[in-house]
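The following exercises concern a single protein chain. Work through each task with the structure in view before reading its solution.

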Amino acid sequence: MTLARQSRVASIGAILARHDLGHVGVLHAPDAEGDQRNFHAHLLFSMRPVESLGMGAFAFSAEQHSDLNDASFIGQMREEIAAILNRSMASAGHSRRFTHL
């Protein structure tokens with residue numbers, strides 16, 4: 001996996017980290033039998049704030065950030081992700097661009 005892909009996933013994770021949301025991102029290469037262009041990432045996150053206690057131990061809050069599960073947060077997050085991807089595409093010299101829609 002390239003450093004650029006890792007950087008994109010980390011930048012998207014930083015959006016969630018600003019809200020103390022626990023998250024994990026995984027990069028996948030294409031399957032040998034599949035479309036060899038299918039590099040992709042999976043990003044999972046919790047709506048519960050989380051604190052790292054070190055060495056793989058975490059403390060999740062009993063309360064959820066349910067206020068983030070609305071159109072204003074989701075729309076803003078999608079816009080930020082599109083901007084991250086578009087900066088990456090531009091710096092790599094690609095003309096393709098992404099939208100938050």
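**Exercise 1.** State in which element Gln76 lies, and decide whether Gln76 is buried, partly exposed or exposed.

*Solution.* The model is a predicted one. Step one: Gln76 is located in helix α2. Step two: the relative accessible area of Gln76 is 43%. Step three: buried requires a value under 20% and exposed a value over 50%; because 43% falls in between, Gln76 is partly exposed. Step four: along the chain, Gln76 and Gly34 are 42 residues apart, and 33 Å separates their C-alpha atoms.

**Exercise 2.** Determine the order of the strands in the open sheet, and identify its edge strands.

*Solution.* Step one: the 3 strands follow the order β1-β2-β3, and their pairing is antiparallel. Step two: β1 (21-28) and β3 (57-60) each pair on one side only, and they are the edge strands. Step three: neighbouring strands of this sheet are turned by 55° against each other on average, direction ignored. Step four: 7 bridges join β1 and β2, and His23 stands opposite Phe45 in β2. Step five: α1 packs on the sheet, where it touches β1 and β2, and its direction makes about 165° with that of β1.

**Exercise 3.** Describe the largest pocket by its volume and by the classes of its lining residues.

*Solution.* Step one: the largest pocket holds about 710 Å³ of space. Step two: 21 residues line this pocket, and Arg8, Phe39, His40, Ala41 and Leu85 are the closest to its centre. Step three: the lining has 12 nonpolar, 5 polar and 4 charged residues. Step four: α1 (3-17), β2 (40-54) and α2 (71-91) each contribute at least two lining residues, and the largest share, 5 residues, comes from α1.

How values were computed: Residues numbered from 1 in each chain as written. Predicted model: local features only at pLDDT ≥ 70, side-chain atom pairs only at ≥ 80, totals over all residues. Heavy atoms only, no water. 1 Å grid on protein atoms, 1.4 Å probe; cavity = no way out; pocket = protein on both sides within 12 Å on 5 of 7 lines; lining within 4 Å. Points joined across faces, edges and corners; volume = space filled by probe spheres on them. Helix = DSSP H or I, 4+ residues; strand = E, 2+ residues; numbered from the N terminus. Nonpolar A, V, L, I, M, F, W, Y, C, P; charged D, E, K, R; others polar. Buried < 20%, exposed > 50% of the residue type's maximum accessible area, 1.4 Å probe, protein only. Pairing = 2+ DSSP bridges. Axes fitted to C-alpha atoms, helices over the stretch in contact; angles between N-to-C directions. Contact = heavy atoms within 4.5 Å.
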